[in-house]
Structure formats: C-alpha cells, structure tokens
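Here's a quick briefing to read with the model open beside you.

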Amino acid sequence: MIRLQQLQFRYPQSPFQLSIPQLEIKDREKVAVIGPSGCGKTTLLNLISGILVPNQGTLISCNVDLKTLNDSQRRVYRISNIGFVFQEFELIEYLNVRENILLPYYINQALKLDQSVQDRVQELAVSMQIDQYLNGRIDQISQGERQRVAICRALLPQPEILLADEPTGNLDPANKRLIRDLLLEHAARTNATLIMVTHDDRLLDQFDRTIDIEQFHEVASVS
Ligand SMILES: Nc1ncnc2c1ncn2[C@@H]1O[C@H](COP(=O)(O)OP(=O)(O)OP(=O)(O)O)[C@@H](O)[C@H]1O
C-alpha cells in the first residue's frame with residue numbers, strides 16, 4: 001500500500017505546489033495518472049520513488065514513512081522496491097542493449113548478477129520483442145525499441161512498485177497499446193503495483209483506476 005496524507009511538495013524558487021490531502025494506492029493496483037502538462041505527474045512519481053522528499057505530510061510506501069529515511073536509506077528503498085521507466089528512458093549510448101538492461105545490477109551491489117538474472121534478461125527481451133538487438137547498439141534501434149529496453153531494465157529486478165512516466169509517448173496507437181499491455185501483463189505476473197503516467201485517454205480502459213493529478217496542483221507565491 002502506498003499512502004499519502006496531508007502531503008505538500010514545492011520546488012525551491014518555484015510557484016508550483018502539490019497538495020495531496022489523501023491518496024491511497026493498494027498493492028497490485030494498476031493505476032493510470034493523468035493531468036495537463038506541468039500539473040505534477042512526474043513529481044508524484046519522483047516522490048513515490050524517494051527521489052524527491054515531501055515538505056510536509058506523510059508518504060508511506062512498503063510500510064515505511066519515506067520522510068523518516070536519510071538519503072542512503074531512500075536509495076536502498078528505491079533499489080529494493082521500485083522499477084522506474086523514465087520519460088526520457090535514460091539509456092546509456094556507449095553500453096549495448098543487454099548492458100543497459102543489466103545496468104541496475106552494475107551500479108547496485110545489493111543486486112546479485114547471476115545466471116538466473118541473465119536468463120531473465122533473455123526472457124524479458126523475447127517478451128518485449130527486442131531479443132535480436134541484445135548485443136546491438138542503443139543508437140541503432142528505434143524509439144519504440146528503446147522504450148522497450150527501458151521497460152526491460154525497470155522490470156528486471158522484479159520490483160514491487162513499477163513507475164512508468166509516459167512510456168508510450170511518441171509511439172503510434174498500436175505500439176502505445178502494446179507497451180501498455182506489456183506493462184500490465186508483467187505487473188500482473190509479478191504481483192507488482194503499476195503506476196503509469198499517460199496523456200492518452202484511449203489507454204485508460206485497462207487500468208483499475210485513473211487519478212487526475214490536476215486536482216492536487218496549486219500555485220503558491222514564490223518565497
Ligand atoms: N527541478 C525543478 N525545479 C523547479 N521546478 C520544477 C522542477 N521540476 C519540475 N518543476 C516544475 O514543477 C511543475 C510540475 O512538473 P512535472 O514534471 O511534475 O509535471 P508533469 O505533469 O509531469 O508535466 P508533463 O506532462 O509535461 O511531463 C512544472 O511547473 C515544472 O516546471
């Protein structure tokens with residue numbers, strides 16, 4: 001369960017403010033996050049992942065109030081529980097496709113890279129239809145294929161919470177549905193909670209619930 005209560009968040013020197021009186025997302029729930037550009041969708045995902053910290057209020061996730069954790073404890077929380085598909089993918093051009101998928105295992109000593117992980121890379125790549133590119137270069141695959149590499153990387157550690165920030169942007173309608181369905185299927189198979197940002201109303205029908213972040217968006221005076 002993810003529970004936000006009386007949560008307030010502001011960036012320094014910015015009038016943008018997120019004020020969330022109460023928001024709960026149940027374990028294994030599949031939630032779409034919507035709202036106009038700039039209303040705080042990415043900010044919400046960054047708060048849930050522990051990248052950002054609320055100014056006020058509580059954010060409980062995986063039975064921990066994230067505000068009570070220091071930076072290194074929040075990093076451990078993120079590594080252990082969160083898979084994040086970033087809006088800009090955050091792929092590394094000088095690593096090949098397989099190495100990009102394995103990146104969490106290179107940078108986090110808490111994750112053990114053994115044969116079962118290598119086998120899972122192969123399985124995930126097959127399910128995402130990018131297995132033929134595993135030894136290829138990132139700059140030689142399409143936008144949609146890059147998106148699927150980023151998704152494989154987020155899914156590989158089998159996270160309890162999967163956060164996907166507009167993972168279907170810039171894709172044609174058929175590929176948008178394909179990516180959404182792959183995320184939903186993997187989340188269902190691994191009992192993960194899925195929180196996916198989208199601007200596309202046509203993708204909402206397969207989710208348990210839609211949360212419109214605009215209701216929590218406030219404009220404060222800059223101080
Ligand atoms: N690091 C930052 N410092 C100051 N302001 C920021 C920062 N990051 C985002 N903002 C501002 O916070 C607001 C919310 O940004 P956010 O990225 O969460 O919106 P969004 O709903 O995800 O937008 P989009 O749909 O365009 O991706 C915006 O007004 C943005 O300019």
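The buried residues of helix 1 are K41, T43, L44, L45, L47 and I48; "buried" means 20 or more other C-beta atoms within 10 Å of a residue's own, "exposed" means 12 or fewer, and "partly exposed" is in between, with C-beta atoms placed from the backbone. Keep in mind that this is a predicted model, where local features need pLDDT of at least 70, side-chain atom pairs count only at pLDDT 80 or more, and totals for chains, interfaces and linings use all residues. Residues are numbered from 1 along each chain as its sequence is written. Helices (H or I, at least four residues) and strands (E, at least two) are DSSP runs, numbered from the N terminus.

**Helix 1**
- Just after helix 1 comes G50, with a positive phi of about 80 degrees.

**Around the ligand**
- Y11, S14, F16, G35, S37, G38, C39, G40, K41, T42 and T43 surround the ligand; a residue is near a molecule or strand if its C-beta atom, placed from the backbone, lies within 6 Å of it.
- Helix 1 (residues 41-48) gives the most to this shell, with three residues.
- By type, the shell has three nonpolar, seven polar and one charged. Here Ala, Val, Leu, Ile, Met, Phe, Trp, Tyr, Cys and Pro count as nonpolar, Asp, Glu, Lys and Arg as charged, and the others, Gly among them, as polar.

**Helix 6 meets helix 7**
- The axes of helix 6 (residues 143-155) and helix 7 (residues 173-189) come within 11 Å and cross at roughly 10 degrees. Axes are lines fitted to C-alpha atoms, for helices over the stretch in contact, and angles run from 0 to 180 degrees between N-to-C directions.
- Helix 6 and helix 7 are therefore roughly parallel (angles under 35 degrees; over 145 is roughly antiparallel, 65 to 115 roughly perpendicular and the rest oblique).
- On helix 6, G144, Q147, I151 and L155 meet N175, I179, L182, L183 and H186 of helix 7. The residues of this contact divide into five nonpolar, four polar and no charged.

- Most residues other than glycine have a negative phi.
- Q6, in strand 1 (residues 2-10), has a positive phi near 50 degrees.
- N63 sits in the loop between strand 4 (56-61) and strand 5 (64-65), and its phi is positive too, near 65 degrees.
- N63 counts as exposed because it has 6 C-beta neighbours inside 10 Å.

Terms used. Contact = placed C-beta atoms within 7 Å.
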